[in-house]
Amino acid sequence: MPQTTPPSADWWRSAVIYQIYPRSFADSDGDGIGDLPGITTRLDHLTELGVDAVWLSPFYTSPQADAGYDVSNYRDVDPVFGTLADFRILVVRARDLGLRVIVDIVPNHTSDEHPWFKQALAAGPGSPERERYMFRDGRGPGGDEPPNNWQSAFYGPAWTRVTESDGSPGQWYLHLFDAKQPDLNWANERVRAEFDGILRFWLDLGVDGFRVDVARGLVKADGLPDYPVQFQHASGESGLRTRSPLFDQPGVHAVYRRWRSLLAEYGPDKILVAEAHVRPPSRLAQYVRPDEMHQAFNFEFLDCPYRARDLRAVITESLDACGSVGAPSTWVLNNHDDVRHVSRLGLPVGTWTDDGIGPRDQQPDLELGTRRALAMTLVQLALPGSAYIYQGEEVGLPEHTQLPDQARQDPMFARSGGRAAGRDGCRVPIPWEPGTPARGFSPSGRTWLPQGEDWDRYAVSAQRGVDGSVYELYRAALRLRREYGLGIAALQWVTLPGAGEDVLSFQVGDVLVVASIGGGDVPMPAGDVLLASAPLGGGALPPDATVWIRRRAA
Ligand code: NOJ
Ligand code: MG
């Protein structure tokens, strides 16, 4: 089978992109927090795994009120993660290994410790400095009520009142997230121009593209109208999915057209990826029109209940919607905001987990969850388009559901008064070697969040070369995906004789993919088995398993 590789300008159409969460990947200096030099020394793990690119969550100067999604200097590295020189070294090493590097850009809000926000506070109402943010007078007597009823995605009101420099109670500023993340005003040309400069800064340092945080949020509806508060539990952004004056306003698209042409100056292979919780897929597809972004995370796929008919519908809709604008779909099962899939799928089908899982919540059945997760991974990695892998999923790492309250750092936990466990459970430092301090994450044995007690088994080195390990399954899947050109082939649904409605089966290129989602044993179709997510006994595909079979399309 010839190696099928798309032309390099189109690398992203079928790329497998690995998300590194810098705080938790590898710590070089022993402070218990991962850093850029740590990442550089572990990059060869990613070539061994077989991915095409890495996406780094924010490592910029930041008070870390939202783990770096609160940036106070967009053109520097936070000392906790290293220096710009360390970043340059990381890029060189990645290049040498043939890995592309995508960085995060956080345009919806800055940190309240960004110089612009400090200037806005000092300059007072009506000043051009305040115009860069969303300041408004309050409602009611004395302006004591917030300007509208919007809620923060991290619980609590989306407005905070400032004290003016004369000591009087002052205006309010909007923050869709934490109070330490004031929203920018994208109607302001100085804001737009500043971000052009930030994109150029990182492109000049050699990055291959940007993952755009809160891509649907930059523009708010005119007049900031009240919106019925219907998200009692909002996690990250995913609780805020209905069409609202806060999100998915038509004005956001002009920003991405501007960025697309800026990127084009740096070559045809630089990309933009939207983090946009927008539904349905046809609406999300607007973000990946030919003159906007290149791809958008497919959260419909991540959120899809573990049911064959729902999965079939989401896959079809995603391919159709993206196809209608000439973009590839993406396939995502994990990231730093969602409960890890081996845990999520170990709860009853359709359980809502946007608030995370803590010790007081229902606990997942990890054996079942892992089987289901691996079945889903082999569905994901066979689908045409681009796939994202989040650090740790390649060893089957579960959510840490037993983190004690005092360890939790996600602002969602505090802002919800502890009702929402939050996202720390999917952000725990990676185990690399069993039985060593911090399992090889940090030379000092420190970890900013405690690892699970039984995590030796998830250490990368404990699984390397071990037949039947999750790590070797991912490696084999990525190798076969490349060899058979699965990322760039077309998908055709297949009906297998005798298969019930719990079976998902499709042909991609020369590979037939059969997934038993729930259900019972499925008779094995003819052909050579290339890979299976669970042992195959007695010539049948067991429940909660996926198999890749080599077979020419009918
Ligand atoms: C989405 C990011 O993925 C999440 O981690 C962050 O808290 C919010 N955007 C706000 O920046
Ligand atoms: Mg460190």
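Asp213 is buried in this predicted model, because its relative accessibility of 6% falls under the 20% cut-off. The residue lies in a loop. This loop runs between strand 9 (209-212) and helix 5 (252-264). A polar contact of 2.8 Å links the side chain of Asp213 to the side chain of Arg211. Beyond four places in sequence, Asp213 touches Tyr69, Asp104, Ile105, Val106, Pro107, His109 and Glu275.

Model confidence was examined next. The mean pLDDT of the protein is 95. A pLDDT of 70 or more is reached by 96% of the residues. Residues 232-241 stay under 50. For this segment, the model has 41 contacts beyond four places in sequence.

Strand 8 covers residues 169-174. Strand 6 and strand 8 pair in the antiparallel sense, over two bridges. Arg136 has Trp172, in strand 8, as its bridge partner.

Technical notes: Residues are numbered from 1 along each chain as its sequence is written. Chains are lettered from A and ligands numbered from 1 in the order in which they are written. This is a predicted model: local features need pLDDT of at least 70, side-chain atom pairs count only at pLDDT 80 or more; totals for chains, interfaces and linings use all residues. Side-chain values use heavy atoms; hydrogens and water are left out. pLDDT is the predictor's confidence in each residue, from 0 to 100. Contact means heavy atoms within 4.5 Å. Helices (H or I, at least four residues) and strands (E, at least two) are DSSP runs, numbered from the N terminus. Buried means under 20% relative accessible area, exposed over 50%, partly exposed in between (1.4 Å probe, protein chains only). A polar contact is a pair of N or O atoms within 3.5 Å; within protein, one must be able to donate a hydrogen and the other to accept it, and residues adjacent in sequence count only if both atoms are side-chain atoms. Two strands pair if DSSP finds at least two bridges between them.
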